[in-house]
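Work through the exercises below with the sequence and the coordinates side by side, and try each task before reading its solution.

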Amino acid sequence: MAETVFKLNPPDLGAVEALAQFPPDADLVNADYSGQAFSDLKWHERSYPAVRFDTAVFKNVVLSKTKMRSSAFEDVRFTSCDLSGADWSGGQLSRVEFISSRLTGFVGAEGRYEHVLWRACKLDYALFQMARLTRCCFEKCDLTNATFEGATVGHVAFRDCNLANARFVRAKLSDVDVRGSRIDGLEINLEDLRGLRIDLSQTPVIAALTRVVIEKS
């Protein structure tokens, strides 16, 4: 498996066990939360605009269809969480990890993602239009029909992912590594191909985009 050629900084969480446990019967009423652990909470379809989380962990938290537009996350880890259908457009994420979480239909349009890791996550139909992703990594993720249209994507690796029918039209790509991932049906402009790193097994897909015919001698 191809390795990323850039450094991905993980969340700086210190001693996770020392984080204060958020009360199970409480709700988010403040604009800023720091040094807290959120576990086994069900916040389906709630709205929390412009909330900031700093040094926090989320485990088994249901955040599906939440509206957290323009919120900020720094040094945060999500494990086994449900963010399907959540609208977090305009969010600012730095040193964040999503582990074994569901983000089907997640809306992250116009967000800023720096040093973000998605590992073993479902991101099918996720929307990242006009977002900026810098030094990020997707590992073993399902990104079928995901959209990065108009996004700026630099130093990003998709490792062993399913990118079938993913859309990168009008995206600005720089050192985007898709080696080892499934890319059939990929939609991308020809002028952006120079920012894409592929392996030999993927050349027929790229050849189809450029209408180049590859024949065995």
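A residue counts as buried under 20% relative accessible area, as exposed over 50% and as partly exposed in between, with a 1.4 Å probe and protein chains only. The model is predicted, so local features need pLDDT of at least 70 and side-chain atom pairs pLDDT 80 or more, whereas totals for chains, interfaces and linings use all residues. Residues are numbered from 1 along each chain as its sequence is written, and side-chain values use heavy atoms, without hydrogens and water.

**Exercise 1.** Determine the strand order of the open sheet and its edge strands.

Solution. Strands are DSSP runs of E with at least two residues, numbered from the N terminus, and two of them pair if DSSP finds at least two bridges between them. On this basis the 10 strands follow the order β1-β2-β3-β4-β5-β6-β7-β8-β10-β12, with parallel pairing. The edges, each pairing on one side only, are β1 (20-21) and β12 (196-197).

**Exercise 2.** Classify the ring pairs Phe-38/Phe-53 and Phe-78/Phe-98.

Solution. Rings of Phe, Tyr and Trp (its six-membered ring) pair with centres within 6.5 Å; planes under 30 degrees apart are stacked, over 60 edge-to-face, the rest tilted. For Phe-38 and Phe-53, centres 5.7 Å apart and planes at 85° make the pair edge-to-face; Phe-38 is in β2 and Phe-53 in β3, 15 residues apart. Phe-53 is buried because its relative accessibility is 1%. For Phe-78 and Phe-98, the values are 4.8 Å and 5°, so the pair is stacked, and both residues are buried.

Key. Helices (H or I, at least four residues) and strands (E, at least two) are DSSP runs, numbered from the N terminus.
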